[in-house]
Amino acid sequence: FHFARALKATTGMTPRALVTQRRVARARSLLASDELPLAEVALVCGFADQAHFTHVFGRETGSTPGAWRRSRK
């Protein structure tokens, strides 16, 4: 509990939110290239499956992973 409070005081984010933010950031970098399919990006970034990845990515960025990838071309 002390760690969670200290982290939130320092970063303004809970540990879970920080991990989610980093997973989405990693996913963005992997989506910038067309090398991996979306399901593989989801697994590499630590999401349970592609549906979970799509839900979290959409909540964090306002766009689905596929739409985000297409908009970067």
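User: What makes the contact between the side chains of Glu60 and Arg59 a salt bridge?

Analyst: This is a predicted model, so keep that in mind throughout. In it, the side chains of Glu60 and Arg59 come to 3.8 Å, N to O. The cut-off is a Lys or Arg side-chain nitrogen within 4 Å of a carboxyl oxygen of Asp or Glu, so the pair counts as a salt bridge.

User: How many salt bridges does a search of the whole structure find?

Analyst: Two. Besides Glu60 with Arg59, the side chains of Asp34 and Arg69 meet at 3.5 Å, N to O. That value is within 4 Å, so this pair gets the name too.

User: Which parts of the chain does the Asp34 and Arg69 pair link?

Analyst: Distant ones: Asp34 sits in the loop between H2 and helix H3 (38-44), while Arg69 belongs to helix H5, 35 residues apart.

User: What is Arg69 in contact with, leaving aside neighbours within four places in sequence?

Analyst: Leu30, Leu31, Ser33, Asp34, Leu36, Pro37, Leu38 and Val41.

User: How are H2 and H4 oriented to each other, and how do you know?

Analyst: Helix H2 (residues 15-31) and helix H4 (residues 50-61) pack at about 100°, with axes 10 Å apart. Angles of 65 to 115 degrees count as roughly perpendicular, so that is the label for H2 and H4.

User: Which residues meet there?

Analyst: From H2, it's Thr20, Val24, Ala27, Arg28 and Leu31; from H4, it's Phe53, Val56, Phe57, Arg59, Glu60 and Thr61. Sorted by class, the contact has six nonpolar, two polar and three charged residues.

User: How many aromatic pairs turn up, and what makes Phe57 and Trp68 one of them?

Analyst: The whole structure has three aromatic pairs. The ring centres of Phe57 and Trp68 are 6.1 Å apart, and rings pair if their centres lie within 6.5 Å, so Phe57 and Trp68 qualify. Their planes stand at 80°; over 60 degrees counts as edge-to-face, so that is the geometry here. Phe57 lies in helix H4 and Trp68 in helix H5, so the pair ties together parts eleven residues apart in sequence.

User: Are Phe57 and Trp68 buried or exposed, and which residues do ring pairs link into a cluster?

Analyst: Both Phe57 and Trp68 are buried. The cluster consists of Phe47, Phe53, Phe57 and Trp68.

User: Last one: why is Thr54 called partly exposed, and what does Thr54 touch?

Analyst: Thr54, found in helix H4, has a relative accessible area of 28%. Buried means under 20% and exposed over 50%, so Thr54 falls in between and is partly exposed. Not counting residues up to four places away in sequence, Thr54 touches Thr64 and Pro65. Thr54 and Thr64 are ten residues apart in sequence, with 5.8 Å from C-alpha to C-alpha.

Conventions
Residues are numbered from 1 along each chain as its sequence is written. This is a predicted model: local features need pLDDT of at least 70, side-chain atom pairs count only at pLDDT 80 or more; totals for chains, interfaces and linings use all residues. Side-chain values use heavy atoms; hydrogens and water are left out. Axes are lines fitted to C-alpha atoms, for helices over the stretch in contact, and angles run from 0 to 180 degrees between N-to-C directions. Helices (H or I, at least four residues) and strands (E, at least two) are DSSP runs, numbered from the N terminus. Angles under 35 degrees count as roughly parallel, over 145 as roughly antiparallel, 65 to 115 as roughly perpendicular and the rest as oblique. Contact means heavy atoms within 4.5 Å. Ala, Val, Leu, Ile, Met, Phe, Trp, Tyr, Cys and Pro count as nonpolar, Asp, Glu, Lys and Arg as charged, and the others, Gly among them, as polar. Rings of Phe, Tyr and Trp (its six-membered ring) pair if their centres lie within 6.5 Å; planes under 30 degrees apart count as stacked, over 60 as edge-to-face and the rest as tilted. Buried means under 20% relative accessible area, exposed over 50%, partly exposed in between (1.4 Å probe, protein chains only).
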